[in-house]
Amino acid sequence: MLYGFGVFDVRKLAVFTEVVRCGSMSSAAATTRYTTSAISQQITALERELGHQLLVRTSSGVHPTPAGARLVDHAAVILAAIDAAERDLHKAAAPESGVIRIASFSSAASEILPRTVARLREAFPRTEVRLVAADPDDGTALLREGEVEVCVITEVPGGRSEHQDLCTTPLSDDEFFVVLPPGHRLAGVREVPLAALAAEQWVVSSATGTCPDARVFLDSCRRAGFTPSVSFRAEDYSTVQGLVAAGLGVSLVPSLALRSARDDVVIRPVVCPPPVRRIALATNTPPAPGGPVAALLSVARAVGAQRSTDRSPRPAYTVPARPVSVA
């Protein structure tokens, strides 16, 4: 019984929304396992159960009545809630099956996750952790689809989160460093003011310019008083370093990506305050207390806090340092 409407068959509701979407019962029959006659019978039964006419049949197909249009809106919420419940139950069962799938971009997978997984195994030796290579955008899509339980993301500290529908656990702030060609006029300074690079050509790692890393870069340049001229956009920071080494521009690169720095570039800190991005873990819902996913988040926080005390990369190319002034 549903608020006096009688038995509300969700299967009939799904058939009804498919008929409205297709515009005809025969078209809906082609996308479902039912015959046109069976679909017509289910629509008639649904109208009888609810006490409202839901569809108007015309020569051009079927169209929802005012009551039918309102039911379509409710159906979207109801069916989405059922789908979410099924996915939530699937995710809740994942830890019991002994598998946690983590989507991560490569630098976080190599620097943060190994220590996290090693410590997790001490508490949950029977839990298997599987790493899925994915950038944050692809990783969050996999998370929302239930293909992974955890995703490593980046955010702009203090900025509006792009993932307000997800539960996020901050791990550490990842500082950006200036990367210069060896022969650059500022290669010998200890710290580089961004304003000293206002006239430079820049190499960035974002194809769209909208990811958190790109926003940190653009915001930092804006605070330094200039709009950067971008000459190259690359898919990854390894390519960025190669372009810089060839003298095609300068760049800002996060410390995680500089653990494998080339030996033909110069790495220098930015004069305070340094640009930073935030590394975080995302889940669809808060994990069950005491379970493997909750333990994973706790361990990752500890690893991130430890890393925050030693975030400076090891410069791969050393030249004598000298002070610099900005004209």
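Is P274 buried, partly exposed or exposed? P274 is partly exposed, at a relative accessible area of 26%. On our scale, buried is under 20% relative accessible area, exposed is over 50%, and partly exposed is in between, with a 1.4 Å probe and protein chains only.

Some ground rules. This is a predicted model, where local features need pLDDT of at least 70, side-chain atom pairs count only at pLDDT 80 or more, and totals for chains, interfaces and linings use all residues. Residues are numbered from 1 along each chain as its sequence is written, and side-chain values use heavy atoms, with hydrogens and water left out.

Back to P274. Its place is the loop between β10 (266–268) and β11 (276–283). Elements here are DSSP runs, numbered from the N terminus: helices are H or I with at least four residues, strands are E with at least two. P274 and V178 are 96 residues apart in sequence, and their C-alpha atoms are 10.0 Å apart in space.

Next, salt bridges. The rule is a side-chain nitrogen of Lys or Arg within 4 Å of a carboxyl oxygen of Asp or Glu. By that rule, the count is 11.

Pair one is R130 with E128. Their closest N and O atoms are 3.0 Å apart. R130 is partly exposed at 41% relative accessibility. E128 is partly exposed too, at 38%.

Pair two is E200 with R185, at 3.3 Å from N to O. Both residues sit in the loop between β6 (167–180) and β7 (201–204), so this pair ties together parts that are 15 residues apart in sequence. Look at the accessibility on each side. E200 is buried, at 16%. R185 is partly exposed, at 47%.

R262 is partly exposed at 33%. D264 is partly exposed at 25%. There is also a network: D174, D213 and R277 are joined by salt bridges that share partners.

Now a polar contact. That term means a pair of N or O atoms within 3.5 Å; within protein, one must be able to donate a hydrogen and the other to accept it, and residues adjacent in sequence count only if both atoms are side-chain atoms. Which side chain does the side chain of E149 contact? The partner is the side chain of R101, at 2.4 Å. E149 lies in the loop between α7 (136–144) and β5 (150–155). E149 counts as buried because its relative accessibility is 7%.

Last topic, the surface patches. Patch residues have over 30% relative accessible area and no salt bridge; like charges are joined within 9 Å, and nonpolar side chains (Val, Leu, Ile, Met, Phe, Trp, Tyr) within 5 Å. Areas come from the Shrake-Rupley method with a 1.4 Å probe, and for residues only the protein chains shown count as cover. Lys and Arg count as positive, Asp and Glu as negative; His and the chain ends are not counted. Each charge is placed at NZ of Lys, CZ of Arg, CG of Asp or CD of Glu.

The negative patch is formed by D135, D137, D138, E235 and D236. D236 is in the loop between β8 (229–233) and α9 (237–245). D236 is partly exposed, at 33%.

A nonpolar patch is made of V10, I78 and I82, with about 180 Å² of accessible area together. I82 belongs to helix α4, residues 66–96. I82 counts as partly exposed, at 31% relative accessibility.
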